[in-house]
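Biologist: I am new to this one. Please show me how to read it, feature by feature.

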Amino acid sequence: MARRVFFSFHYEADNWRAAQIRNMGVIEGNSPVSDNDWEEIKKGGDKAIQNWIDDQLKGRSCTIVLIGANTAGRKWINYEIEKSWNDGKGVLGIYIHNLKDKNGKQSTKGRNPFDYFVIKKDGKKLSSIVKAYDPPYSTSTYVYNYIKEILKKWVEEAISIRKNY
């Protein structure tokens, strides 16, 4: 049975790259939201966005943060990370800067979004617990194949880390 995961990413900048990972078929991800639907959700303000995220996270065992050039520090990505961790879900990051976008362009590597969180019980940075994987290739097709091959393992490892922390 495929794990159900939530994908967190900067929509405007990384939607194309995120779609490549979401469509791999390796794990069951949250349903993509169309541009029109997202605009309607945003019109409802912060509470509507938070409710949408909360609904999407229900029944998920892991959150995968797809890390692009400007992912770290974004308000709603921070919310998704914090909520996922506090709800006991596995959390992991994957750097996606070397996947090509719809224009065939790669991006610059972003900062680790987990560096901005501190665990209250012991003062550790979340980045010292949660893994952020950077595929060891610069060619987009190699990056894609690497992620596809190892994604299930990463998800299981993230879930295990969270259960044991």
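Modeller: Start with burial. Buried means under 20% relative accessible area, exposed means over 50%, and partly exposed lies in between (1.4 Å probe, protein chains only). Here buried residues make up 45% of the 165 residues in the protein chain. This is a predicted model: local features need pLDDT of at least 70, side-chain atom pairs count only at pLDDT 80 or more, and totals for chains, interfaces and linings use all residues. Residues are numbered from 1 along each chain as its sequence is written, and side-chain values use heavy atoms, without hydrogens and water.

Biologist: How many helices and strands are in the protein chain?

Modeller: Helices (H or I, at least four residues) and strands (E, at least two) are DSSP runs, numbered from the N terminus. The protein chain has five helices and four strands. Along the sequence they follow the pattern β-α-α-α-β-α-β-β-α.

Biologist: What radius of gyration does the protein chain have?

Modeller: The radius is taken over C-alpha atoms, and the globule rule is 2.2 Å times the number of residues to the power 0.38. For 165 residues a compact globule would have a value near 15 Å; the protein chain has 15 Å, so the two agree. Its C-alpha atoms fill a box of roughly 40 × 35 × 35 Å, taken along the principal axes.

Biologist: Why is strand 3 described as largely enclosed?

Modeller: Six of the six residues of strand 3 (residues 90–95) are buried, so the rest of the structure largely encloses it. Both faces are covered: Gly 90, Leu 92 and Ile 94 are buried on one side, and Val 91, Gly 93 and Tyr 95 on the other.

Biologist: Which strands are joined to strand 3 by bridges?

Modeller: Two strands pair if DSSP finds at least two bridges between them. Strand 2 (residues 62–67) runs parallel to strand 3, with six bridges. There, Thr 63 stands opposite Val 91. The chain crosses from strand 2 through helix 4 (residues 75–86) to strand 3, a right-handed β-α-β crossover. Right-handed means that, with the strands pointing away from the viewer, the path from the first strand over the helix to the second runs clockwise. Strand 4 (residues 132–133) is also parallel to strand 3, with two bridges. Gly 93 stands opposite Ala 132 there.

Biologist: Which residues of helix 3 are buried?

Modeller: They are Ile 49, Trp 52, Ile 53, Asp 54, Gln 56 and Leu 57. Helix 3 (residues 45–57) is followed by Gly 59, whose phi is positive, near 75°.
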